[in-house]
Amino acid sequence: MALYAACDLHSNNTVLVVVDEAGALCYRQRLPNDLSLLNAALMPFRDGLAGVAVESTYNAYWLIDGLQSQGYPMRMVNTLAVPQYAGLKHGDDDSDAHHLAELMRLGLLPTSYIYPREQRPLRDLLRRRMLLMQQSVRLLQSVQGYWARATGQRLSANGFRQLTRQQLSDTFPEPTELFAVVSLIQMWRALQEKMAAMETWLTEDTRRRRELIALRTVPGIGKVLGLTILLESGEMTRFEAVGQYTSYCRLVPALRFSNGKKKGVGNRKCGNRYLAWAWMEAANFAIRFEPGIQRWYQRNAARKPRLVALKAVAHKLARAGYYLLRDGGAFDVHRAFA
């Protein structure tokens, strides 16, 4: 008899539910987040388990990795795609876990890709680099704000990088203001050094990969964007068609139609926000450095909002990227932007 288990995972405890193939409840218990306790609770049902579902939360991987190493058939739940149960006046942790087990029993459980454990540290390091980059941009903008208030002039990013101590002293004669600006610049430089160290660490492991070499033939994709796209995309065989990949990249409209009429919108948060950022960044660079793509973008931007036209470029680049990651080769601008 097949059994189905589901975990409603929290920061310090997990509600574990097991149901049989008829939907009858076999086990339900709230347990501390201790792998040995959860393993012991599942052990009596181990031979009959068709799957163990865990929601895709920020702290899910310790449980998925731990139980997977013990031989359990793990399923990561796509939380955003789980259909809500109707007819209940309230929900709680027990009913949430039971609902996931029931969906798996009925074959309706939406699942997510379990990213390979051995590649996860590289991907997560690149995500941390992106966080540092966002912080460095905020620091730069803070200095630009100080400069505009003191001079009435705009300070460009290149001008920021070339600032001297004498320029700062002349522009900010008030000691406290000078101290604040210098502190911001010092923190920005520290972040730049750490990001450069991260990039060196990442490229040592990935620079020779065939997929990365193919990706970098796309105009606008350099070392960092290439690594981001490569590591965030994961195994390309999980996408049956190019449309699934571009949807995962959040580059297709989340719309619902019936009888040719728009009936609403889907969940725009489904997909990978890091890939969405990377392909949009690639599009920004591509329209600057590739004349063919620039002309295509300008034709679209003349009759559409700029952001819509830019997203169309990102969509075409992502479609090309799908085939490059899957098959290798080199980017052909005439095929992509005919």
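Student: Why does phenylalanine 239 count as buried?
Tutor: Its relative accessibility is 8%. Buried means under 20% relative accessible area, exposed over 50%, and partly exposed in between (1.4 Å probe, protein chains only). So phenylalanine 239 counts as buried. This is a predicted model: local features need pLDDT of at least 70, side-chain atom pairs count only at pLDDT 80 or more, and totals for chains, interfaces and linings use all residues. Residues are numbered from 1 along each chain as its sequence is written, and side-chain values use heavy atoms, with hydrogens and water left out.

Student: What makes tyrosine 248 partly exposed?
Tutor: Tyrosine 248 has 23% relative accessibility, so it counts as partly exposed.

Student: How many aromatic pairs does the structure hold?
Tutor: There are 11. Rings of Phe, Tyr and Trp (its six-membered ring) pair if their centres lie within 6.5 Å; planes under 30 degrees apart are stacked, over 60 edge-to-face, and the rest tilted.

Student: Why is the pair of phenylalanine 239 and tyrosine 248 called tilted?
Tutor: The ring centres are 5.4 Å apart and the planes stand at 45°, so this pair is tilted.

Student: What makes the pair of tyrosine 322 and tyrosine 323 edge-to-face?
Tutor: Their centres are 5.0 Å apart and their planes are at 80°, so the pair is edge-to-face. Tyrosine 322 is buried at 2%; tyrosine 323 is partly exposed at 37%.

Student: Which residues form one aromatic cluster?
Tutor: Phe239, Tyr245, Tyr248, Tyr322 and Tyr323.

Student: Which residue lies over the face of tyrosine 61?
Tutor: Arginine 120, at 3.6 Å from the ring centre. A charge sits over a ring if NZ of Lys or CZ of Arg is within 6 Å of the ring centre and within 35 degrees of the ring normal.
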